[in-house]
Every structure is written in C-alpha cells, then in structure tokens.
Amino acid sequence: MIQTFFNPEIIVAAWPIVLSGLWNTILLSLIVVPLGLLGGLILALLASIHHPLVRWPLMAWVDFFRAFPPLVLLVLLFAGLPFAGLELGGFACVAIAFFLNTGAYYGEIFRAGIDSVPNGQVEAARSTGLGRLQAMRYVVLPQAVRNVLPDLLSNTLEVVKLTSLGSVVAVPELLYEARQAQSVTYNPTPIVMAAVIYFLILWPVVRLLSRLENRALAGRR
Amino acid sequence: MSQKHIVEARGIHKHFGPLHVLKGVDLEVKERELVFIIGPSGSGKSTLLRCLNRLEEPTSGSVMVDGIDMLSPKTDINHARQRIGMVFQSFNLYPHMTALGNVTLALRKVAGKSRAEAEAIARQALERVGLADRADHTPGQLSGGQQQRVAIARSIALEPRVMLFDEPTSALDPELVGSVLEVMRSLRESGMTMIVVSHEMGFARNAADRVVFMDNGLIVEQGPPAAIFETPAHERTRAFIGQIQRH
Ligand SMILES: Nc1ncnc2c1ncn2[C@@H]1O[C@H](COP(=O)(O)OP(=O)(O)OP(=O)(O)O)[C@@H](O)[C@H]1O
Ligand SMILES: [Mg+2]
C-alpha cells in the first residue's frame with residue numbers, strides 16, 4: 001500500500017518535477033486570477049451604465065460564458081483557433097479561457113457588490129462634483145468589494161482549482177507534471193503528491209473563507 | 001435689474017415615462033434668500049430640487065445657477081455642481097470613511113486641494129456644524145442629527161453659492177431635529193442662499209423669506225410665510241396647511 005501510493009524513492013525522484021509543476025500552478029494562478037478580476041470589474045462597470053444598448057449584449061455575454069463549460073472553451077480555443085490561422089500556446093489559451101469564463105463569474109460578484117451600495121451615496125458624491133467614475137472608485141467600490149469579499153475569495157478558490165485544466169492543453173502545471181512523472185515511474189505516487197500539495201495550498205484559503213463567512217453572518221445579525 | 005437672481009428655473013417639465021411630474025415650473029431665487037417649498041407627497045418637490053443641480057435631467061425648460069446654464073451640454077456639470085450644495089433626507093454619508101474623510105473627498109478629488117489643505121478646510125466646516133470633536137468618527141458612530149450635520153459640512157466645505165435641502169430633518173428623531181435646524185439657521189445668518197423642502201413649519205415661519213406651495217407638478221402659490229400660512233389664496237393650499245397643522 002505505502003509502496004504503491006507513498007513510495008519514498010519515487011517521492012524523491014519525482015520531487016523536482018512536481019515542484020516545477022507547483023511553481024507553474026502558482027504562476028498560472030497569479031496570471032489568471034488578476035485577469036479574471038480585471039475582466040469581472042470591467043463587466044460590472046459596464047453593467048452599472050444601465051443603458052439598454054449596453055445591458056443586453058452584456059447580459060448575453062455573461063450568460064454565455066457562465067453556461068459554457070470552461071474545459072470545452074479551453075479545448076475549443078486550443079484545438080479550434082489554429083484552423084482560423086491563429087496558433088496560440090496552451091498558456092495563452094488558458095489565460096484567454098479564464099479571462100472569459102471566470103471574468104463572467106467575478107463580474108456577477110462585483111455587480112452584486114456594487115448594487116449593495118445605496119444609490120443615495122452616489123447621488124451625494126455626484127452632487128459635490130465627483131464624476132461617475134470617481135464616485136465609483138472612491139465611494140462605491142471600496143464598500144462593494146468589502147461586502148462581497150467572501151464571494152470573491154470563494155470564486156478565487158475555484159479558479160485556482162480550475163488551473164488544473166491547463167494539463168489538458170499541455171501547460172506544465174502541477175497536475176500535468178504529476179501525470180508526466182506517473183507515466184515514467186508507472187506509479188501513482190506523484191499524483192498523490194499533487195493531491196496533497198493542492199490540499200495544503202488551498203486549505204488555508206478555505207479556513208480564511210469560512211472565518212470571513214462566519215463574520216459576515218455575525219455582522220448581519 | 002433690482003436684485004440678482006442666483007437661481008432661475010424656467011418652464012421645467014419632467015416626465016418619468018408616462019408620468020408627468022413637473023408641468024412647467026418657474027422658480028427664481030435671489031441671492032441670500034431662503035425659499036421654503038411645501039406641498040403634498042408626490043407633488044414633485046424633490047424632483048424640482050434635483051433638476052436644479054441636474055441629478056435629474058428635466059425633459060424641457062432651462063436652469064441657470066449663478067450665471068451657469070446647468071442644462072447646456074457645454075457646461076462642465078461636475079464643476080458647476082460644486083457651487084450647489086445638496087443635503088438629503090437620508091444623509092447619504094459614506095459609511096466607510098470618517099466624518100473628516102466624508103468632507104475632504106470632494107475637496108481633494110474635485111477642488112484639487114492637497115490633503116493638508118482639504119483637512120484644514122474640512123475641520124473648519126465640521127466646527128461650523130458643531131462637530132469639531134467628531135472628525136474621526138465614522139457615520140455609524142454618530143447620531144442621525146450628527147450625521148446630517150456632517151452632510152451639511154460636506155456641502156459647505158466646497159463654499160457653494162446655493163444650498164438645496166430635501167427634507168433634511170424628516171428622518172430624524174424629534175429630539176435631534178433642533179440641532180440640524182440650528183445649523184441651518186446659522187447658515188442663513190451667514191448669508192447663504194437656501195432652497196428648503198421641509199415640513200418644519202415653525203422653522204419656515206421664522207426663517208423663510210418666501211414659501212412656495214406646490215401641488216401636482218405646479219407651483220400653486222407663493223409669498224411671505226405669514227401670507228401663505230395665515231391667508232392662503234387657494235383652497236388646495238388651505239387644505240394642505242390645515243392638514244399639516246393638525247399634526
Ligand atoms: N426616478 C423616478 N422614476 C419614476 N418616477 C419617479 C421617480 N422619481 C420620482 N418619481 C415620481 O414622481 C412623482 C414626484 O416625486 P417627488 O419625489 O418629486 O415628490 P415629492 O413632492 O418630493 O414627494 P415627497 O413629499 O413624498 O417626498 C411621484 O409620483 C414619484 O413617484
Ligand atoms: Mg421628496
């Protein structure tokens with residue numbers, strides 16, 4: 001049992017590979033999370049314009065990318081774009097797919113946050129001469145973000161988990177590297193290593209999240 | 001020209017979809033005048049005030065404030081709004097900032113003052129409303145009356161030429177109303193031009209220069225407080241004032 005799943009020699013041998021996979025997972029997360037946040041913020045700011053010409057296309061966009069399975073989107077970009085004469089690497093495809101998919105989710109969260117700030121405050125800000133964007137930046141967004149912090153964090157957790165999809169398009173992230181190691185060693189130990197590492201890096205986030213959620217609940221009481 | 005009009009609203013119409021809320025309102029306000037607007041709920045008082053600083057876009061008509069055409073596309077509306085303070089029924093303070101932060105925001109981001117300058121001006125404004133010692137409190141730590149005074153400080157810090165008040169004391173517990181009226185009275189004494197929508201008839205009687213009665217999107221009549229309260233010319237005015245005084 002231990003020889004199969006926790007083989008010490010294989011742990012030692014696979015360690016450098018798995019470690020480089022971990023770095024790539026972290027790097028990927030550091031790219032796709034800000035990208036998704038940026039995309040979401042742009043969508044939410046557009047949604048705050050409340051104009052039919054902006055509203056309907058925006059709703060269609062958000063609905064589309066929330067309904068579209070991210071794995072399918074990723075494979076479509078990776079396998080489909082070359083036929084359109086555009087050959088992007090796996091990494092770029094992951095970045096684009098996440099921008100589209102997680103951006104739509106972050107967008108809905110930001111939008112809920114923005115809606116949670118009473119409009120009277122914006123009117124007060126505008127009446128003192130602040131522009132639309134200034135009122136958004138100084139009055140609405142700080143409160144909006146604080147109000148939806150648990151949701152933002154929870155979505156970020158999902159995004160980091162989803163980076164393992166990169167393995168499908170040969171991005172050498174944690175899961176991909178672990179499977180490489182597995183296929184050369186003919187042993188599942190590297191996969192177990194990857195699983196343990198995922199758990200170890202995500203568990204503190206889960207803890208933090210549940211503390212935030214409890215605090216939000218207590219604050220509401 | 002006898003005395004300068006600082007506010008000149010002409011032929012203001014406002015539709016909300018099928019709803020015709022303002023039906024051709026003319027309002028002129030002289031410098032240093034305190035004009036009181038009364039009228040039944042839904043008569044368009046708030047909408048009229050909000051048309052004056054273009055928080056609401058009139059469907060037609062013209063609004064001049066301090067010589068600026070408020071409705072012209074060429075007017076820098078954010079610049080123009082600094083000259084028109086507005087105080088709301090629900091205070092609308094920014095809860096994530098201290099009282100001082102509430103007052104300095106526009107000073108810094110609109111008027112372009114440095115942080116030190118803005119804070120000095122803000123502390124003076126807070127002093128004028130009797131809250132110098134509450135500068136570092138957040139709205140959540142202040143009473144309703146104190147919050148409304150911070151809101152007034154936020155407006156007066158920008159040295160507006162006109163102040164609009166939309167039911168500034170309606171959301172307050174009765175025992176806190178006095179402190180806000182006190183601040184409004186001292187503002188008036190300092191020569192501020194004020195347009196006030198309120199049900200505080202006592203305040204209207206001894207502070208207002210003119211009372212305007214609105215009903216159903218129109219100004220029905222206007223005149224000195226004594227005339228409007230004691231000898232209103234119109235039946236609707238009489239009915240409304242009788243109703244208010246019974247409370
Ligand atoms: N943004 C809006 N959209 C649609 N209708 C509106 C809007 N704002 C105001 N109204 C309507 O316009 C009418 C006048 O409203 P307004 O708030 O100006 O009245 P008011 O005299 O201030 O009343 P109150 O004393 O209750 O504050 C009301 O029928 C109101 O429902
Ligand atoms: Mg009103």
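Q: How do strands β1 and β2 of chain B pair?
A: Strands of a sheet pair through backbone hydrogen bonds, in either a parallel or an antiparallel way. In this predicted model, β1 (residues 5–16) of chain B pairs with β2(B) in the antiparallel sense, over nine bridges. For an example to look up, B:K14 has B:L22 in β2(B) as its bridge partner.

Q: What is the order of the strands in the open sheet of chain B?
A: Reading across, the four strands come as β2-β1-β4-β5 (chain B), and their pairing is antiparallel. The edges are held by β2 (19–30) and β5 (68–69) of chain B; each has a single partner strand, so one side of each is left without a neighbour in the sheet.

Q: Which strands of chain B does helix α1 of chain B lie across?
A: Helix α1 (residues 45–52) of chain B lies across β1, β2 and β4 (60–65) of chain B. Against β2(B), this helix runs at about 60 degrees.

Q: Where in chain A is confidence lowest, and where is it highest?
A: Keep one idea in mind: where pLDDT is low, the predicted coordinates should not be read in detail. Chain A has a mean pLDDT of 90, with 99% of its residues at 70 or more. Its lowest confidence is in helix α1 (residues 2–5) of chain A, at a mean of 79, and its highest is in helix α6 (residues 119–127) of chain A, at 97.

Q: What lines the largest pocket?
A: This pocket, with a volume of about 1,000 Å³, is lined by 36 residues; A:S48, A:I49, A:H50, A:N119 and A:R132 lie nearest its centre. Helix α3(A) gives the most to the lining, with six residues. By type, the lining divides into 18 nonpolar, five polar and 13 charged residues.

Note on methods:
Residues numbered from 1 in each chain as written. Chains lettered and ligands numbered in written order. Predicted model: local features only at pLDDT ≥ 70, side-chain atom pairs only at ≥ 80, totals over all residues. Heavy atoms only, no water. Pairing = 2+ DSSP bridges. Helix = DSSP H or I, 4+ residues; strand = E, 2+ residues; numbered from the N terminus. Contact = heavy atoms within 4.5 Å. Axes fitted to C-alpha atoms, helices over the stretch in contact; angles between N-to-C directions. pLDDT = per-residue confidence, 0-100. 1 Å grid on protein atoms, 1.4 Å probe; cavity = no way out; pocket = protein on both sides within 12 Å on 5 of 7 lines; lining within 4 Å. Points joined across faces, edges and corners; volume = space filled by probe spheres on them. Nonpolar A, V, L, I, M, F, W, Y, C, P; charged D, E, K, R; others polar.
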